[in-house]
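Notebook open, model loaded. I want to go from the whole chain down to single residues and jot down what I find.

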Amino acid sequence: LLAGESLAFALQVFVAVLVIACPCSLGLATPAAIMVGTGRGAQLGILVKSPEALEMTEDIHAVVLDKTGTITEGKPQVVGIGTVDGFSADEVLCFAAAVERGSEHPLARAIETAAKVRRIATADAVEFRATPGKGAQAKVENAIVVVGNAAMMANVGIDVTDSALLKTDGDAHETIAGHTVVYIAVADVLAGAIPLADRPRPSSKDDIAHLRRRGLQVVMLTGDSWGAAEAVAREVGIETVHAEVLPGDKSAVIQRMQRKGLRVVMVGDGVNDAPALAAADVGIAIASGAHVAAESADMVLMRSQLSDVARAMELSRAVMRTIRQNLFWAFFYNAVGIPVAAGILYLFGGPLLDPMMASLAMAFSSVSVVASFT
């Protein structure tokens, strides 16, 4: 092609091609986009812990939400106390608060608060033992006291299906239906039940509607009772509910959805959500929740708002769109620049690219890649 030209000419062409072919813009396209994207996420209150999380969040099919502390405010309140003959409301609350003092669950904090409001002196509890997803038990005043859900009561052989046994203190007995219920058994005898209410966050309904408008399947996954879960689901507009799921089984629900070909985001805040957060394609933790959940997640919503889930998806799409755009232009630049540097224009009577101009063009390509993130 260039026969008869001098060695200086060949070196000029060689240097120009070498400079033009420098893959600076290709090397900048992805890491620069991720750096800017994670910085922008921090400004929005979204802590991105890995580049893979940004990539995976772009193409999500389903969003699985924990109930307590994620959809709801995570501040349950005692709405009444049901008792069985032989036990007073104060006794039931005293026994429950004594056991729950050793627990970190939000329901335990609510029962302790109710006892303080009633100025009930809490007895000392020893030999505390928790059963994840069900409840706890301890020895109080030389009696074994079991506090937990219906499954916990079934474990110790107590039938709680006959609600007629319970009398009410406070709200009407019907309040037990549709609420989270904590049962209390003393010395293998059912003593009472404490219904608790946890209101949905004011923005949850609109945030969930926004996710559904984006074509996403929204699912509630909770260890709470079916009655309480379905009541909240109806209020916020969720159709698919998995309730009374043990912590170790939450990840199995996620995996079943993945086997159907769905890419799943899990949003949770509690210790019980950690296995599901780790199993999901992208785990998103609520910052106001447990530290274990945040450690298991790929992203953390610092403002603890469900609206940031959609915002994280928009951020991911913007970052991936920018990466693809920059990779295209970087390849296009090399595809055009290298033949010019090799002398294709010179062959047809055009100019030969000077190495200095080649270096300026190479620098411009890098600047253009970086400038696209602003």
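I started with burial: 45% of the 374 residues in the chain are buried, where buried is under 20% relative accessible area, exposed is over 50%, and partly exposed is in between, with a 1.4 Å probe and protein chains only. I keep in mind that this is a predicted model, where local features need pLDDT of at least 70 and side-chain atom pairs count only at pLDDT 80 or more, while totals for chains, interfaces and linings use all residues. Residues are numbered from 1 along each chain as its sequence is written, and side-chain values use heavy atoms, with hydrogens and water left out.

Next I looked up the surface. The chain exposes about 18000 Å², and carbon and sulfur atoms supply 58% of that; the areas come from the Shrake-Rupley method with a 1.4 Å probe, and for residues only the protein chains shown count as cover.

I then listed the elements: 15 helices and 15 strands, taken as DSSP runs numbered from the N terminus (helices H or I, at least four residues; strands E, at least two). For contacts I use heavy atoms within 4.5 Å. Among contacts with a separation of 6 or more, 65% link residues 24 or more positions apart.

**The sheet**

I traced an open sheet of seven strands, in the order E1-E15-E14-E13-E2-E11-E12, with mixed pairing. Two strands pair if DSSP finds at least two bridges between them. E1 (46-48) and E12 are the edge strands; each has a single partner strand, so one side of each lacks a neighbour in the sheet. On average, neighbouring strands are turned by 20 degrees against each other, direction ignored.

I zoomed in on E2 (residues 62-65). It runs parallel to E11 (residues 217-221), with four bridges joining them, and Val63 has Val218 as its bridge partner there. E2 also pairs in the parallel sense with E13 (residues 264-268) over four bridges, where Val64 partners Met266.

Are the two faces of E2 buried or exposed? Both are covered: Ala62 and Val64 on one side, Val63 and Leu65 on the other, are all buried.

**The cores**

I define a nonpolar core as a set of buried Ala, Val, Leu, Ile, Met, Phe, Trp, Tyr and Cys residues joined through side-chain atoms within 4.5 Å. The largest has 39 residues, and Leu65, Ile238 and Val267 touch the most other members. H13 gives this core its largest share, eight residues. I also found a second, separate core of 29 residues, including Ile81 and Val186. Back at Leu65, its contacts beyond four places in sequence include Ile71, Ile208, Val218, Ile238, Val267 and Leu306.

**A helix pair**

I checked H8 (residues 204-213) against H13 (residues 307-342): their axes come within 8 Å and cross at roughly 30 degrees. Axes are lines fitted to C-alpha atoms, for helices over the stretch in contact, and angles run from 0 to 180 degrees between N-to-C directions. Asp207, His210 and Leu211 in H8 meet Ser307, Val309, Ala310 and Glu314 in H13.

Glu127, in E5 (residues 125-131), has a positive phi of about 55 degrees. Glu127 counts as exposed, at 55% relative accessibility. Glu244 has a positive phi near 55 degrees, and sits in the loop between E12 (240-242) and H10 (247-259).
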